[in-house]
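Visitor: Please show me the model, and then let me ask about its fold and a few of its residues.

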Amino acid sequence: MLRALVPADAESLRRHADDEAVWRNLFEGFPRPYTLEAAQEWCGPERDELFGLVWGIEVEHNVVGCIGLRPDHAGLRCNAEIGYWLGQAFWRRGIASEALDLVTHWAWAMRPELTRLYAPIFAWNEGSQAVARKAGYTLEAHLPQSAIKAGRVIDRVQYAAYRRNVV
């Protein structure tokens with residue numbers, strides 16, 4: 001289901017990412033159009049550490065989306081941001097919720113310093129909010145006029161999951 005991205009994933013990644021519906025629900029900076037060159041660069045071994053850990057979401061041996069975990073720094077290093085996207089052809093199948101659940105459990109197990117995971121989502125993106133709820137995240141904040149998308153100031157919501165106390 002989740003695996004490291006490899007250069008051979010570039011064409012599948014490009015095909016699913018170069019979709020207006022996918023781009024509309026992602027933050028600025030996501031390439032548009034999503035070219036094969038962008039996909040090859042993303043799947044290559046050299047990637048900026050600012051992006052954190054990224055896995056490809058695999059369905060039938062093809063990468064159809066990505067999910068990433070980016071730990072915060074300094075005094076907020078006990079938090080990490082999770083971002084995810086999935087090709088439109090695979091929406092509403094529970095695939096993204098399963099991927100989010102896997103990364104959440106991985107983070108709790110492998111990053112003991114983390115106590116909170118959060119996912120910033122555009123307020124209109126009901127599908128991504130449903131993914132977060134299904135994976136056990138709860139609405140933490142409504143942030144009016146807190147992001148810019150395609151030149152428009154828009155609202156974001158933030159969902160979060162907290163590490164359960166271990167006794």
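The questions below go from the whole chain to single residues.

Visitor: What kind of model is this, and what confidence do local features need?
Guide: Residues are numbered from 1 along each chain as its sequence is written, and side-chain values use heavy atoms, with hydrogens and water left out. This is a predicted model, in which totals for chains, interfaces and linings use all residues, side-chain atom pairs count only at pLDDT 80 or more, and local features need pLDDT of at least 70.

Visitor: How many helices and strands are there, and in which pattern do they follow along the sequence?
Guide: Helices (H or I, at least four residues) and strands (E, at least two) are DSSP runs, numbered from the N terminus. On that basis the protein chain has 5 helices and 7 strands. Read along the sequence, the pattern is β-α-α-α-β-β-β-α-β-α-β-β.

Visitor: Which radius of gyration does the protein chain have, and what would a compact globule have?
Guide: The radius is taken over C-alpha atoms, and the globule rule is 2.2 Å times the number of residues to the power 0.38. The C-alpha atoms fill a box of roughly 45 × 35 × 35 Å along the principal axes. For 167 residues a compact globule would have a radius near 15 Å, which agrees with the protein chain at 16 Å.

Visitor: What share of the residues count as buried?
Guide: Buried means under 20% relative accessible area, exposed over 50%, and partly exposed in between (1.4 Å probe, protein chains only). Of the 167 residues of the protein chain, the buried share is 44%.

Visitor: What percentage of the contacts with a separation of 6 or more is between residues 24 or more positions apart?
Guide: A contact means heavy atoms within 4.5 Å. Among contacts in the protein chain with a separation of 6 or more, the share from residues 24 or more positions apart is 62%.

Visitor: In which order do the strands lie in the sheet?
Guide: Two strands pair if DSSP finds at least two bridges between them. The 7 strands form an open sheet with mixed pairing, in the order E1-E2-E3-E4-E5-E7-E6. Strand E1 (2-3) and strand E6 (138-149) each have a single partner strand, so one side of each is left without a neighbour in the sheet, and the edges are E1 and E6.

Visitor: Is strand E5 enclosed or open, and which residues cover its two faces?
Guide: In strand E5 (residues 116-122), 7 of the 7 residues are buried, so the strand is largely enclosed by the rest of the structure. Both faces are covered, with buried residues Arg116, Tyr118, Pro120 and Phe122 on one side, and on the other Leu117, Ala119 and Ile121.

Visitor: Which residue of E5 is the bridge partner of Asn79?
Guide: Strand E4 (residues 79-86) and E5 run parallel and are joined by 3 bridges. The bridge partner of Asn79 in E5 is Arg116.

Visitor: How do E6 and E7 pair, and which residue in the turn has a positive phi?
Guide: Strand E7 (residues 152-162) runs antiparallel to E6, with 8 bridges joining them. Among the facing pairs, His142 stands opposite Val157, and Ile148 has Val153 as its bridge partner. Ala150 is exposed, with a relative accessible area of 54%. The two strands form a hairpin with 2 residues between them, and the turn residue with a positive phi of about 55° is Ala150.

Visitor: Where is the cis peptide bond?
Guide: Most peptide bonds are trans. Pro33 lies in the loop between helix H2 (20-24) and helix H3 (36-43). With omega about 0°, the cis bond joins Arg32 and Pro33.

Visitor: Is Ala99 buried or exposed, and which residues is it in contact with?
Guide: Ala99 is found in helix H4 (residues 95-110). At 0% relative accessibility, Ala99 counts as buried. Leaving aside neighbours within four places in sequence, the contacts of Ala99 are Met1, Leu2, Ile57 and Ile67.

Visitor: Which residues is Ser128 in contact with?
Guide: Ser128 lies in helix H5 (residues 126-134) and is buried, with a relative accessible area of 11%. Neighbours within four places in sequence aside, Ser128 is in contact with Tyr84 and Ile121.
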